[in-house]
Amino acid sequence: MPHKEITRDEVAKNNTEDSLWFVIDSKVYDVTDFVDAHPGGESVLRQVAGTDATEAFYNLHRQEVLQKYDNLRIGTIAGETSKVIPHKAGDLSVVPYGEPTWLTPQFKSPYYNESHRRLQKAMRVFVDEEVYPVAQECEREGNTIPQELIDKMSKKGILHMRLGPGKHMHGVDLMDGAVKGEDFDYFHDLIVGQEMTRANARGFQDGNMAGMTISLTAVLQFANDEEWKNKIAKEVFSGEKKICLAITEAFAGSDVAGIRTTAEKTADGKHYIVNGTKKWITNGVFCDYFVTGVKTEKGLSVLLIKRQEGLETSAIKTSYSPAAGTAYVTFDNVKVPVENLLGKENKGLQVILSNFNHERWMMAGAVIRMSRLVTEECMKWSNQRIVFGKKLIEQPVIRQKLAKMIAHCEANQAWIENITYQMTLMPYAQQATHLAGPIGLLKMFSTRSAHEIADEAVQVFGGRALTRTGMGATIEMFHRTYKFDAILGGAEEILGDLGVRQAMKNMPKSML
Ligand code: HEM
């Protein structure tokens, strides 16, 4: 039926109570039975009955609406072809600046090779087909990630990849052979993070194993028993068990040393007894293991604590979706075997700090990608929306806003690629010495950019940026949630300060 050819005269005749047709982009829609269900109301559809409603439609809707309601399409106008480009899974954006330069055909990049391109393609298809629909539903309904998606990601090696390069990748099949585990580098890592962000659901983005990416690393690097480490890693990488990082407390956020949860050794020296609370614990609601910062006799220590009697979690309501599984965690005389100590007793700060750089770099990558998605939305909207009788893009003030947004996106992507390149050449310990500062500054700047971009995007979209559904949904979410990137993993001010302090360590002692 949809392939039927229909003339414009025929469409024009169907403008009655009993038969309501119109044309959008050379395709004919019969909305007779849809009028009652149309979220925008019945009268607006009757006004365009029998006519070409392309302009009216695109002034108010996203292209995806037509894909969703494709069952209303009854044919095409004889002799005409569609001008709208429908999105297919895996497609690159055709909007200028909608992709970073390395994914733009007319530009070259020194950083990416064929395996990066293969991985990008495979990830784009996977995110479009598998992650996006689940992410959107979880974000909307406030549900945490379904096991089915975790299992699919585990099979594709995505859980392994989220931890970055390392021994845990050796021999692992990644996206059906897109890249060998042994060859996986920080550019592959950047690609995975940036592609996953495109699911465009900020609460879900953290709910999608963010806890694992910042806590399992501590087990892999600091477990004191190889066999025990391998058992935990296997459980988590298979998706059977979930793990998160429990450091922050009501008493201490960026000020890690200020935590008050205690771990006292039992008289026989075989256990720690843990008491205290943790706040803002991403994924805590559904996790089996908690990599927990505790106060021991002479300093900070880190313990892997299993969910058990005495350990309770409750959901915290935040400004993003409960899909993140953000928890308040209480420990009441929780008994933990001493074998669960990560690193050395009282030397926990090193364990906690060791993963900060990767976490911050990863967060910067994500917010930079999300900023681009928002900029792309603004480019599309400005080109589509008619106000005061002309396209929004024809207003110089709008072009100024877009120029600013694009400049922020391009500057940040170029900076993160430069830092990523340095990371590929430095062992982890050297990264801490030379890159903790630049990564701190990058994260600070990328969230300052997000602040500017969110602000401008709301002005471009107007009222639609204030509603959670419809054309402005992406902007509404970004404006409501970009602060998670500005606070989590170290607040902007702390990171800026870290960057300058680290720079001053290399300042020559003599006056210059
Ligand atoms: C097959 C054709 C159509 C479908 C499937 C459709 C579907 C929808 C949907 C799902 C929404 C909710 C908002 C969103 O998700 O974007 C909506 C809103 C709306 N629609 Fe339609 N629509 C169609 C055609 C039209 C046409 C031709 C007009 C004529 C002007 C129209 C006017 C509106 C209005 C005024 C709103 C409210 C927009 C807002 O609040 O910003 N629709 N429509």
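Helices and strands here are DSSP runs numbered from the N terminus, where a helix is H or I over at least four residues and a strand is E over at least two.

**Ground rules**

I noted that this is a predicted model, in which local features need pLDDT of at least 70, side-chain atom pairs count only at pLDDT 80 or more, and totals for chains, interfaces and linings use all residues. Residues are numbered from 1 along each chain as its sequence is written.

**Confidence**

I looked up pLDDT, which is the predictor's confidence in each residue, from 0 to 100. The protein chain averages 95, and 99% of its residues score at least 70. For the complex, the predictor gives an ipTM of 0.96 and a pTM of 0.92.

**Domains**

I listed four pieces of the chain: domain 1 (5–77), domain 2 (114–208), domain 3 (238–352) and domain 4 (355–505). These bounds come from an automatic or database domain assignment. I also noted 31 Å between the C-alpha centres of domain 3 and domain 4.

Next I checked the UniProt record. Its unreviewed entry annotates residues 3–78 as "domain: Cytochrome b5 heme-binding". UniProt positions are in the numbering used here, feature names are shortened, and annotations may be inferred rather than shown by experiment. Over residues 3–78 I found 29% helix and 20% strand, with the end C-alpha atoms 10 Å apart.

**Around the ligand**

How many residues surround the ligand? I got 22, and the closest are Pro39, Gly40, Ala53, Ala56 and Tyr69. Helix 2 (43–47) and helix 3 (54–58) are the elements that give two or more residues to this shell. A residue is near a molecule or strand if its C-beta atom, placed from the backbone, lies within 6 Å of it.

I sorted the shell into 15 nonpolar, five polar and two charged residues. Nonpolar means Ala, Val, Leu, Ile, Met, Phe, Trp, Tyr, Cys and Pro; charged means Asp, Glu, Lys and Arg; the others, Gly among them, are polar. Domain 1 (5–77) and domain 4 (355–505) each provide at least three residues of the shell.

**Ala263**

I found Ala263 in strand 8 (residues 262–265). Is Ala263 buried or exposed? Ala263 is buried, because 28 other C-beta atoms lie within 10 Å. The cut-offs are 20 or more for buried, 12 or fewer for exposed and partly exposed in between, counting other C-beta atoms (placed from the backbone) within 10 Å of the residue's own.

Leaving aside neighbours within four places in sequence, Ala263 has contacts that include Tyr272, Val274 and Lys295. Contact means that the two C-beta atoms, placed from the backbone, lie within 7 Å. I also checked Gln136, which is 127 residues from Ala263 along the chain and 40 Å away, C-alpha to C-alpha.

**Tyr320**

Tyr320 is in the loop between strand 12 (311–315) and strand 13 (327–337). Tyr320 is buried, because 21 other C-beta atoms lie within 10 Å. Not counting residues up to four places away in sequence, Tyr320 touches Arg202, Gly203, Thr481 and Phe484. I noted that Ala201 is 119 residues from Tyr320 in sequence, with their C-alpha atoms 9.0 Å apart.

Most residues other than glycine have a negative phi. Tyr97 is not a glycine, yet I found a positive phi of about 70°. Tyr97 lies in the loop between strand 4 (73–77) and helix 5 (114–141), and is partly exposed, with 19 other C-beta atoms within 10 Å.

Asn283 also has a positive phi, about 75°, although it is not a glycine. Its place is in the loop between strand 9 (271–281) and strand 10 (289–296). Asn283 is buried, with 28 other C-beta atoms within 10 Å.
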